[in-house]
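Trainee: I would like to go through the labels attached to this model and ask what stands behind each one.
Mentor: Go ahead; here is the entry.

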Amino acid sequence: MAQYTKHPVAAPPTAPERESTGHLLLRGYIILVLFAVFAHSAVYNLLGEIGAAIALAAFLVATLAIGVPMIARGRPHAFAWRRLPWAATAYTVLALVSVAWSQWRGATLITWVLLAGVTVNALFIVHVLTWHEIVRALASAFKWILGLSLAVELWVALVVHGPILPNFFVRPEGEIDAHWYWVRGNLFDGGRIQGIVGNSNLLAIISLLALLTFGILFAARARWRTTLALWALLAAYFILRAGSATAYACAAAAGLVLIVALLMRRAPTPGARTRLYVIFLGGGAVVAGLVWLLREPLFALVGRSADLTGRSDKIWEKVLERAAEHPVFGNGFSSPWVPFDPAFEGWITDHGITVFHAHNMWLDVLMQLGVLGVALMALAYLGLLWRSWFFAVDRPRWDLDADRSYSPLTLLPSLFTIVLLVQGLTESTPIMLWGWMLLVLLSFKIKAVPLVGVGERERVIERGERSRRVP
């Protein structure tokens, strides 16, 4: 029971500050945006090409309608123009300019609008939400994706008793390739599951990001920790059932980064940190070398071939051939590849389906925007990696007090960054849709608010959270 003094000099107790209804609605809208971006394939499979395009356009218009007046009024704070992620911004500009020499101008314009829409929404989220609110919004979006994935898998397995196609098309007579299905109904038969996103690899990576987010919130002593633990168990179950080798590699890399970051936090002196850097960088180089030398038995252990399921000989060779045609400025932006454009339709196929990205972010950028694009993308990710690492391991300090406690929330950007970088070796997701959103969002937020809990809006939220935890 809460107690307070009745001393006549003491100020009377005041109720904790509460969020306004408008801000709660704003947070709800942002959760919807995050869900639509992370589960874009679900929106695509549900509404089709035109419906998915209309949905994303509607979100862009709504974000501009909400965000422009807020920036004009200077609320909740003046927009940090000087803190923009300039490397990512330059990449976005280069992608638009590439229409001048693009070999597929229609695809360039279509996908650039998608890139710009995701960028605008990421900048908007940074402007209106604090660090705590961003993490909570991500957690809510992940919960919706995981919950709906479980629901649709149960529905297909128990009610439909068979796989379903995108847009709920009626299955044709005879056998069709399993890769055409939205959900295959493997929940109870031991096969790989796809969830609402319709792709095992995508479900596994989203589940991994969700697991990291739930773990950080649990460590930050968020409310409803038992519920968080149950969501984390569901995310871990999906990672195992999705059976994605890429997700396993990302999880191992994130676990290693987490261990190193926690040890860095405990290092008492700069010299101790230097020794840790030497040990882990040297050890990491040795492990990477061993993984490369033992790649065939390791890939066989997780049920994959040494050529990464045909990536090296079926996809990467063709991408490199096309990249060599215009090595400096590339052939023109298109992320993802537009499957109905003549330049991509039937160019590279897998199980009868036109492939829509290079399955390697760096090769994809090289083909589209050449060496210049690769340089800008490398600068963007290197800047995020550098800032997120010191955001995680440096003690928060803005005055003479050097003993403030670390916040678990500061670990999340570096964990997300390493997941994106490892995933980028076999997928192109880190340069489009939610991967691009995380790059822009995290880069901008760390530059604009480099300390969790600092700033008027941050302190208001922290006071409210502490007040609600008082017994």
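Mentor: Start with the term contact, which means heavy atoms within 4.5 Å. Among contacts in the protein between residues at least 6 apart in sequence, 74% join residues at least 24 apart. Keep in mind that this is a predicted model.

Trainee: What does the secondary structure of the protein come to, and what share of the residues counts as buried?
Mentor: There are 15 helices and 2 strands. Of the 471 residues, 48% count as buried.

Trainee: Why is the pair R273 and D394 called a salt bridge?
Mentor: The rule asks for a side-chain nitrogen of Lys or Arg within 4 Å of a carboxyl oxygen of Asp or Glu. In this pair the closest N and O atoms are 3.0 Å apart, so R273 and D394 meet the rule. The count by this rule is 1 salt bridge.

Trainee: What does the pair tie together?
Mentor: R273 is in helix 9 (residues 270-293), while D394 is in the loop between helix 12 (361-393) and helix 13 (412-423), so parts 121 residues apart in sequence are tied together.

Trainee: How do you know whether R273 is buried or exposed?
Mentor: Buried means under 20% relative accessible area. R273 has 16% and therefore counts as buried. D394, with 35%, lies between the 20% and 50% limits, so D394 is partly exposed.

Methods. Residues are numbered from 1 along each chain as its sequence is written. This is a predicted model: local features need pLDDT of at least 70, side-chain atom pairs count only at pLDDT 80 or more; totals for chains, interfaces and linings use all residues. Side-chain values use heavy atoms; hydrogens and water are left out. Helices (H or I, at least four residues) and strands (E, at least two) are DSSP runs, numbered from the N terminus. Buried means under 20% relative accessible area, exposed over 50%, partly exposed in between (1.4 Å probe, protein chains only).
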